[in-house]
Amino acid sequence: MGVSYRQLRETCQAPVRHHNDVAGLLFGDLASLPLTKLFVDLRLSPSIATVAFLVCGLLGSALQIAGPRWAVVGAALLVLYYILDCVDGEVARWQGVEDMRWGYFDYIFHMVLKPSCFVAVAVATWLQLGNAWLLLAGAVAAVAVLWLKLF
């Protein structure tokens, strides 16, 4: 049976809830908890979730360019990337783990993944619609998300 959802919410989510944006409230509060419970019950390391979110984010971004049908699979992987990003922090808080190396990797992975998502969607829509302004919009979004992450 393992740990209860109530315990996980109090220990893993409540301390950071005030930092959540809309997506964080949706995925962080709702969708990540069953996966966090699985990680905690199986005593898995939060670094597994960190590596998994990197893989899901890169693959999800790449599949955006592969065509409309693959883009749907890629979008699901991008949602899973976001959920796993919540899971790694929740599991680390539950286990009391503060590893600076993995915190650094998490930060660097965000610096790569967030802009790549916007660029990949922009390239995919440009390939489908042929409007070059979409590439500019994707580039601006990528720079904006980097700007927010850096500053």
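Student: Is Arg6 buried or exposed?

Tutor: The terms follow relative accessible area: buried is under 20%, exposed is over 50%, and partly exposed lies in between (1.4 Å probe, protein chains only). The areas come from the Shrake-Rupley method. Arg6 has a relative accessible area of 53%, so Arg6 is exposed. Please bear in mind that this is a predicted model, in which local features need pLDDT of at least 70 and side-chain atom pairs count only at pLDDT 80 or more, while totals for chains, interfaces and linings use all residues. Residues are numbered from 1 along each chain as its sequence is written, and side-chain values use heavy atoms, with hydrogens and water left out.

Student: With which side chain does Arg6 meet in a salt bridge?

Tutor: A salt bridge requires a side-chain nitrogen of Lys or Arg within 4 Å of a carboxyl oxygen of Asp or Glu. Here the partner of Arg6 is Glu10, with 3.0 Å from N to O. Glu10 is partly exposed, at a relative accessible area of 47%. Both residues belong to helix α1 (residues 5-13), where they stand four residues apart and are therefore separated by about one helical turn. Helices here are DSSP runs (H or I, at least four residues), numbered from the N terminus.

Student: How many salt bridges does the rule give?

Tutor: The count comes to three. Another of them joins Asp41 to Lys37, whose closest N and O atoms are 2.8 Å apart. This pair lies in helix α2 (residues 22-41), with a spacing of four residues, so about one helical turn separates Asp41 from Lys37. Asp41 is partly exposed at 30% relative accessibility, whereas Lys37 is buried at 13%. A further salt bridge brings together the side chains of Asp99 and Arg101, at 3.0 Å from N to O. Asp99 is partly exposed, with 26% relative accessible area, and Arg101 is exposed, with 56%.

Student: What else may be read from helix α1, for instance at Gln7 and Cys12?

Tutor: The two residues illustrate how accessibility and C-alpha separation can be read together. Gln7 is found in helix α1 and counts as partly exposed, at 34% relative accessibility. Between the C-alpha atoms of Gln7 and Val51 there are 25 Å, the two residues being 44 residues apart along the chain. Cys12 is also in helix α1, but Cys12 is buried, with a relative accessible area of 0%. The C-alpha atoms of Cys12 and Asp29 are separated by 9.9 Å, at a spacing of 17 residues along the chain.

Student: Which residue has a positive phi although it is not a glycine?

Tutor: Backbone phi is read residue by residue. Arg43 has the positive phi, of about 55 degrees. Arg43 sits in the loop between α2 and α3, and its relative accessible area of 73% makes it exposed.

Student: At what angle do α3 and α4 pack?

Tutor: Angles run from 0 to 180 degrees between N-to-C directions, the axes being lines fitted to C-alpha atoms over the stretch in contact. For α3 and helix α4 (residues 68-95) the angle is about 165 degrees, with the axes 7 Å apart. Under 35 degrees counts as roughly parallel, over 145 as roughly antiparallel, 65 to 115 as roughly perpendicular, and the rest as oblique. The helices α3 and α4 are therefore roughly antiparallel to each other.

Student: Are α3 and α5 roughly parallel or antiparallel to each other?

Tutor: The axes of helix α3 (residues 46-65) and α5 come within 7 Å and cross at roughly 15 degrees. The pair α3 and α5 is therefore roughly parallel.

Student: Which residues make the nonpolar surface patch?

Tutor: Such a patch joins nonpolar side chains (Val, Leu, Ile, Met, Phe, Trp, Tyr) within 5 Å, from residues with over 30% relative accessible area and no salt bridge; like charges are joined within 9 Å. Here Leu58, Tyr104, Phe105, Tyr107, Ile108, Val112, Trp147, Leu148, Leu150 and Phe151 form a nonpolar patch of about 1100 Å². The elements giving two or more residues to this patch are α5 (100-129) and α6 (133-150). The most comes from α5, with five residues. Tyr104 is found in helix α5 and is exposed, at a relative accessible area of 52%.

Note on methods: Areas by Shrake-Rupley, 256 points an atom, 1.4 Å probe, with all protein chains shown as cover.
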